[in-house]
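User: I would like to learn how to read the overall fold and the core of a protein model. Please take me through one.

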Amino acid sequence: MTTRILALVGSLRAGSFNRQLAEAAVKLAPEGLEVEIYENLAAVPYYNEDLDRPGAIPPSAEALREAVRSADALLIVTPEYNGTVPPAPKNAIDWTSRPHPGGAICEKPVVVIGTSGGRYGGAWAHDDARKTARVAGATVLDDVALSVPCAATRFADTPPVCDEEIIAKLPSVLAALASAAQPQPITKGVRHDNVTVSQPS
């Protein structure tokens, strides 16, 4: 069975390095995983509760919600703008968090990766995106990360899909995300000398 991962790219620039990193995820996905880049993030208006009511929801926002709802997991691929997450992925999280509780992102496994021009690879933005997704109800994998520094020089001649570190690490990131999307075994308590131990059933 194929695990479907939806990639939300935080940079809207056509030739962005984060777009290229998301494209690398498509090509480097292990067998049994399918990564799809969401193409219409720029069309989604800023979240406005006046628009989020029956008969008023913009089609672009409804399409985003349905795409997130249909995916098994989310991969947020974002740069860092002024020390934090850009508006596009934040807006996507806002729209998919509603209606609350039970929005499309609720309990959805999420991993945040990306690249940026600084020496920390956008780590501040990645931390903020994780926090925002967690507050929205997603199941965020905090220990799965890939923040690639110095994007402009690093990818000047070699695209992310040909970068040795990305080739080595990105498939493992995707595999961890896919694993989190699989149904977890139900545990049952077994008593041993007055101690209850949980084990898979």
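Predicted model: local features only at pLDDT ≥ 70, side-chain atom pairs only at ≥ 80, totals over all residues.

User: How many helices and strands does the protein chain have, and what pattern do they follow along the sequence?

Analyst: Start by listing the elements in order. The protein chain has 6 helices and 7 strands, and their order is β-α-β-α-β-α-β-α-β-α-α-β-β. Its radius of gyration is 18 Å, close to the 17 Å from the globule rule for 201 residues, so the chain is as compact as a globular protein of that length.

User: What share of the contacts joins residues at least 24 apart?

Analyst: Take the contacts between residues at least 6 apart in sequence; 74% of them join residues at least 24 apart. As for burial, 42% of the 201 residues count as buried.

User: Which residues have the most contacts inside the largest nonpolar core?

Analyst: In soluble globular proteins, nonpolar side chains tend to be buried together. Here the largest nonpolar core has 29 residues, and those with the most contacts inside it are Ile 5, Leu 75, Val 111, Ile 113, Leu 170 and Leu 174. Elements giving two or more residues to this core include β1 (3-9), β3 (73-77) and β4 (109-115). The most comes from α6, with 6 residues.

User: What is Ile 5 in contact with, beyond its neighbours within four places in sequence?

Analyst: Among the contacts of Ile 5 are Leu 33, Val 35, Leu 75, Leu 174 and Leu 177. A second, separate core has 25 residues, including Ala 61, Trp 95, Val 110 and Ala 129.

Technical notes: Residues numbered from 1 in each chain as written. Heavy atoms only, no water. Helix = DSSP H or I, 4+ residues; strand = E, 2+ residues; numbered from the N terminus. Rg over C-alpha atoms; globule rule 2.2 N^0.38 Å. Buried < 20%, exposed > 50% of the residue type's maximum accessible area, 1.4 Å probe, protein only. Contact = heavy atoms within 4.5 Å. Core = buried A, V, L, I, M, F, W, Y, C linked by side-chain atoms within 4.5 Å.
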